[in-house]
Amino acid sequence: YHAQPSQGTEQEKMDYALNNKRRVIRLVLQWAALYGDLLQEDEAAMAFLEEFYVSVSDDTRMIAALKEQLPELEKIVKQVSEEPKAPQKKHKVLLQLFNTSDDRTQKRQPIRGSDEVLFKVYCIDQTYTTIRVPVSSSVKEVISAVADKLGSGEGLIIVKMSSGG
């Protein structure tokens, strides 16, 4: 954010610094806009955003051209730092399919729609439970089974995790 070239006139150095600062501010604004909900849960990210806002505010005293981006940055910092309202709170759930039998000793057979599978359901509070559903279950049916097991279906979402992220 504060990088400056070692060569050039003072005006070139100021222009270079201004352009870098604008690019970094735009990047932080995009980052906060995309990941605002997740940033609320991360104390380090919140501390960074607040410190960044203070730094940009200080810079606007010396570089007036940055003032145009300050209100948008302030708005994002306020949105992210606000506590989410209870009705909007989502239960983030991760489902993981696992097999209870040893594949090496089991004779391979075709999968039928009536076969059942077990899912581990991971909740955001580091707990998990298991559900058993037919292989042919739709996403809606899986969510319904999870809601029945957890006692609440409000705000449930399914997240698929893969080794590629």
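Q: Is aspartate 58 buried, partly exposed or exposed?
A: Aspartate 58 is partly exposed, its relative accessible area being 33%; buried means under 20% relative accessible area, exposed over 50%, and partly exposed in between (1.4 Å probe, protein chains only). This is a predicted model, in which local features need pLDDT of at least 70 and side-chain atom pairs count only at pLDDT 80 or more, whereas totals for chains, interfaces and linings use all residues. Residues are numbered from 1 along each chain as its sequence is written, and side-chain values use heavy atoms, with hydrogens and water left out.

Q: Which residue meets aspartate 58 in a salt bridge?
A: Side chains of opposite charge can pair when their charged atoms come close. A salt bridge is a side-chain nitrogen of Lys or Arg within 4 Å of a carboxyl oxygen of Asp or Glu. Here the partner of aspartate 58 is arginine 61, at 2.8 Å from N to O. Both lie in helix 2, three residues apart, about one turn of the helix; helices (H or I, at least four residues) and strands (E, at least two) are DSSP runs, numbered from the N terminus. Arginine 61 is exposed, at 67% relative accessibility.

Q: How many salt bridges does the structure hold?
A: The structure holds six. Among them is the pair of aspartate 59 and lysine 21, with the closest N and O atoms 3.1 Å apart. Aspartate 59 lies in helix 2 (residues 43-62) and lysine 21 in helix 1 (residues 10-39), so this pair ties together parts 38 residues apart in sequence. Aspartate 59 is buried at 8% relative accessibility, and lysine 21 is buried at 6%.
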